[in-house]
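Here's a quick walk through a two-chain model. Have the viewer open and follow along.

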Amino acid sequence: MSDPDGGRGVSDALHDPTTADSRGGQGYPRSDGDRDLPLETYVLSVNDRDLPVDDAWVGESLLYVLRERLGQPGSKNACEQGECGSCSVLMDGAVVASCCVLAADAVGSAITTVEGLTGEGELSDVQRAFIDQGAVQCGFCIPGMIVALTDLLDRSPAASELEMREAISGNLCRCTGYGRIFAAFRQVQQERADARA
Amino acid sequence: MPAPSLPATFTRRRRAPGLGESVLRPDAPPKVRGEFAFSSDLYVDGMVWGKTLRSPHPHARILRIDITGALAMPGVHAVVTQDDVWGSRTYGLERHDQPVFADGVVRFHGEPIAAVAADHPELAARACAAIEVEYEVLEPLVDAEAAITAPPIHPDGNVFRHIRLRHGDPEATGDVVVEGTYQVGMQDQAFLGPESGLAVPSEDGGVELFVATQWLHVDRDQIAACLNLPREKVRLSLAGTGGAFGGREDVSMQIHACLLALVTRRPVKMVYSREESFFGHVHRHPATLWFRHHARRDGTLVAVESRMVFDGGAYTSSSTAVIANATCFAAGPYRVPNAKVDGYAVRTNNPPCGAMRGFGAVQTSFAAEAQMDKLAAALGMDPVELRLKNALRPHDQLLTGQVITGVAPVEECIRACRELPLPPAADPDADLMTLPGGAGRTALPHNVRRGVGFAVGFKNLAFSEGFDDYSSARVRLELGADGEPVATVHVATAEVGQGFVTLAQQIARAELGVSSVVLHPADTQVGSAGSTSASRQTMISGGAVQMACAGVREVVLERAALDLHLAPADMVLGDGELTTKDGERSVSLAAALRAGPVEAYREFHHAPTDPLDENGQGNAHWSLAFAAHRAVVDVDEELGLVRVVQVATAQDVGKALNPLAVTGQIEGGIAQGLGLAVMEEIVVADGRIRNPSFTDYLLPTPLDMPPVVQTWIEQPEPGAPYGAKGVGEPPTISSTGAIVAAIRAATGRPLDRVPVRPDDIALPAPTTAAS
């Protein structure tokens with residue numbers, strides 16, 4: 001286990017709520033005299049669709065743009081500093097924390113969110129396993145978990161339990177204690193192995 | 001209306017999964033697809049963003065607030081401060097002692113000063129930064145013990161509550177005496193869905209709020225008072241709630257968002273960042289607890305003395321009830337004929353504390369269980385045998401003098417937990433990541449020592465001390481568009497992840513024999529369901545749904561009986577049909593419903609309880625739940641690193657109504673107990689939170705959680721619907737103590753404080769090491 005006092009050395013400025021911004025300690029530049037939000041217009045490729053983003057502040061994260069401008073709130077906003085994994089999306093096939101990606105920097109990348117993993121009304125085997133195994137309680141971490149585990153099972157079908165734990169160690173869940181999530185992983189692995197046999 | 005002629009039918013329907021079977025959550029499919037609308041996902045055209053300005057000081061006088069610069073910014077629609085609160089200027093769960101915004105005085109780091117509504121969240125943040133506040137910084141009162149006698153920092157004084165409990169002969173002494181002082185750090189609920197919601201002004205001058213909360217009706221009452229609106233003009237609906245664990249029992253952004261919506265006449269969305277969340281909700285009370293246990297030489301407990309001080313921070317919240325639990329359950333689930341306990345909950349300039357899973361019982365369990373181990377060592381007894389010898393049984397007395405009238409399978413829990421399989425011995429060739437320190441891969445196998453620890457805990461279920469604790473349910477049974485019966489259940493129960501939505505459907509299916517059950521969204525258009533806390537909703541809202549279903553069933557049976565010229569008592573409602581008791585004749589439920597829908601509204605109140613008297617005595621609690629935990633840990637003593645290898649538990653659940661959900665509650669609760677044992681603490685220095693982020697406040701990850709081995713003791717609780725007990729809190733009460741006991745066993749260190757930090761193991765203070 002790590003040191004619970006790890007926060008003692010962090011600077012005061014970051015923790016001064018009078019200057020805190022809506023994205024937590026993301027640390028992007030801001031001058032207090034600057035009252036204008038520089039805007040940009042661009043197109044994002046999300047779940048195989050090109051979606052225009054018009055007149056958006058350049059400081060917006062991919063997570064914010066997905067949730068607030070593109071009507072894709074499936075990716076969640078639990079920490080907005082890359083610690084919890086609830087905002088996980090695939091960007092050109094790699095899992096990223098969309099809260100830590102500037103949306104304007106994602107132009108030209110293929111983005112897949114939890115909404116894009118299956119067709120409408122369908123369930124993937126990973127999603128089905130989460131339901132079957134009771135892996136969902138409040139569900140706030142679940143979209144990010146599904147994205148991360150889908151990626152792992154696709155890349156590494158025979159991942160060991162430890163590899164699986166490591167792969168989702170950046171995905172926090174506060175409800176389940178992870179036991180049913182691990183069970184969902186095992187269910188999918190077994191089903192896919194059976195299908196191959 | 002005369003009952004229509006009902007054709008007899010003998011169709012047998014396939015039975016839907018009933019009570020006691022694992023049933024899948026109805027909200028799981030939208031949750032796994034990302035389609036479930038959480039409170040931070042809400043969007044409506046024309047909405048603006050609310051943002052709170054908070055104090056950088058834990059204690060200060062506000063000399064001047066200048067909002068003109070912020071208000072002049074293009075795109076800023078409103079800036080409000082305490083001067084703009086036209087109704088009650090204060091609110092609170094138990095006492096209205098917390099101002100909506102700081103009222104001339106700041107009492108904690110992060111107290112709200114103002115709120116802004118603007119077109120964009122970044123603009124709202126900049127507007128907050130443009131508000132000029134001049135503070136006269138005051139010395140913060142941060143020592144809870146000193147607060148008892150210090151000059152008051154609030155007109156209501158510094159002591160929220162002192163409970164003086166005297167039981168039996170308070171001066172009784174034993175042959176063997178052990179003593180200790182223990183400390184518990186401040187834990188955060190760390191629900192993942194941040195405080196958030198959408199407030200929409202309504203045409204009648206009222207406001208509608210879609211919000212993540214634990215108790216819609218008390219939120220509504222506090223909002224209505226502060227906005228000076230009649231309750232019916234404040235309508236709340238539960239938005240998707242991303243966990244709670246006690247942290248949503250108090251108001252956070254609710255009043256601010258509604259105020260901004262009324263001022264701007266526009267919908268206002270507020271979403272806390274994680275950092276703001278650490279400042280925006282109450283935490284688990286840090287506590288200092290002194291104990292002295294007296295026993296006979298054979299191990300029989302004679303007396304327990306204790307004095308405990310819980311730091312409630314700046315405002316009351318639920319401190320008065322937390323300290324009642326801490327005091328009443330101070331000795332743990334043991335027969336203790338004599339006791340002298342003084343429990344204090346006090347006000348300081350530290351962050352406000354209130355409800356968190358386990359609610360007062362967690363802190364005392366950690367201390368009391370450490371005492372039991374200390375006593376076992378002094379007696380030369382096995383610590384589990386000592387617990388068995390003193391375990392509470394039905395008809396025993398609690399420290400409050402209350403006789404246990406329900407089930408109390410403490411011995412059964414202890415024995416069953418002890419019998420659960422232990423993990424395999426440490427593997428010298430194991431992946432280094434499975435050693436203490438985990439991904440750091442710093443521990444070496446030959447430095448690792450294993451320890452096993454045991455702890456037992458209990459607490460009350462539902463609300464105590466004379467509170468009229470109830471829930472309300474409206475159930476309607478009618479024919480759906482397809483001609484089949486459909487039940488609609490309307491309860492205000494906050495689903496925060498615990499699974500009440502599943503249980504409500506199970507109950508309606510079981511009671512009404514229908515497969516189609518629709519849950520009406522939880523809102524304030526039905527009576528209060530009480531709080532989703534105190535492990536109470538399965539029992540209390542479950543009871544309300546059961547009663548309302550029974551009310552519906554009566555009417556349906558009357559209809560069928562009338563048609564067959566029988567008495568209702570001659571008939572039973574099975575799966576989709578009403579049958580005579582002899583099974584000879586039946587009518588379909590669908591036919592019985594052709595005369596029109598049937599609706600019933602009922603309240604379930606648990607049996608009344610009494611306030612505590614001047615000696616802390618009385619029948620203050622309704623029902624109790626128990627659990628035993630055994631932990632196995634590996635420790636690298638040189639590095640102070642701990643790996644929890646396994647947690648085993650046996651829990652008293654009454655009757656498990658949905659085994660899959662019970663399994664998940666127990667695993668999740670143990671994860672939070674593990675967090676408090678070795679990871680989680682809000683570090684507060686001079687009244688300031690030093691680690692308000694998930695970078696610096698560490699939660700158990702998938703690499704930290706060990707396997708949980710669980711078994712349940714199922715003894716139906718009399719007076720509880722279906723005999724079920726709430727299961728949410730017991731996993732969190734003594735899992736912490738078991739893990740720390742295991743670390744003590746591995747290291748020999750006294751470890752009288754949680755969370756256990758690496759330096760507590762590797763660099764123990766000389767004084768504690770010598771004790």
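## Where the chains meet

Before counting anything, a word on "contact": two residues touch if their C-beta atoms, placed from the backbone, lie within 7 Å. Keep in mind too that this is a predicted model.

On that basis, the contact draws 66 residues from chain A and 82 residues from chain B. On the chain A side, the elements giving two or more residues are α2 (125-132), α3 (142-155), α4 (161-167) and α5 (179-196). Which of them gives the largest share? That's α2(A), with four residues. Sorted by class, the chain A side that touches chain B has 27 nonpolar, 23 polar and 16 charged residues.

## Chain A at a glance

Chain A has five helices and five strands. Going along the sequence, they come in the order β-β-α-β-β-β-α-α-α-α. Of the 197 residues in chain A, 51% are buried. As for how the chain folds back on itself, take the contacts between residues at least 6 apart in sequence: 59% of them join residues at least 24 apart.

## A helix pair in chain A

Now zoom in on α2(A) and α3(A). Their axes are 9 Å apart and the helices pack at an angle of about 125 degrees. Angles of 65 to 115 degrees count as roughly perpendicular and those over 145 as roughly antiparallel, so α2(A) and α3(A) end up oblique to each other. The crossing of these two helices is right-handed.

Who's doing the touching? From α2(A) come A:Val126, A:Gln127 and A:Phe130, and they meet A:Ile142, A:Ile146, A:Leu149, A:Thr150 and A:Leu153 in α3(A). By class, that makes six nonpolar residues, two polar ones and no charged ones.

## A helix pair in chain B

Chain B has a helix pair to set beside that one. Helix α9(B), residues 361-379, and helix α10(B), residues 383-390, have axes that come within 9 Å and cross at roughly 105 degrees. That angle makes α9(B) roughly perpendicular to α10(B).

On the α9(B) side you'll find B:Met372, B:Asp373, B:Leu375, B:Ala376 and B:Leu379, which meet B:Pro383, B:Leu386 and B:Arg387 in α10(B). The contact of α9(B) with α10(B) splits into six nonpolar, no polar and two charged residues.

## A covered helix in chain B

Next up is α3(B), residues 121-130, which is mostly covered, with nine of its ten residues buried. The buried ones are B:Pro121, B:Glu122, B:Leu123, B:Ala124, B:Ala125, B:Arg126, B:Ala127, B:Cys128 and B:Ala130.

What do they pack against? From chain A there's β2 (49-57), and from chain B itself there are β1 (48-54), α2 (68-71), β3 (76-80) and β7 (112-118).

## One proline in a loop

Last stop: B:Pro194, in the loop between β10 (176-184) and β11 (196-201) of chain B. Is B:Pro194 buried or exposed? The cut-off for buried is 20 or more other C-beta atoms within 10 Å, and B:Pro194 has 29, so B:Pro194 is buried.

Setting aside neighbours within four places in sequence, B:Pro194 is in contact with A:Asn77 and A:Ala78, plus B:Ser40, B:Val271, B:Tyr272, B:Ser273, B:Arg274 and B:Ser277.

Notes
Residues numbered from 1 in each chain as written. Chains lettered and ligands numbered in written order. Predicted model: local features only at pLDDT ≥ 70, side-chain atom pairs only at ≥ 80, totals over all residues. Nonpolar A, V, L, I, M, F, W, Y, C, P; charged D, E, K, R; others polar. Buried ≥ 20, exposed ≤ 12 C-beta atoms within 10 Å, placed from the backbone. Axes fitted to C-alpha atoms, helices over the stretch in contact; angles between N-to-C directions. Parallel < 35°, antiparallel > 145°, perpendicular 65-115°, else oblique. Left-handed = near helix turned anticlockwise from the far one by under 90°.
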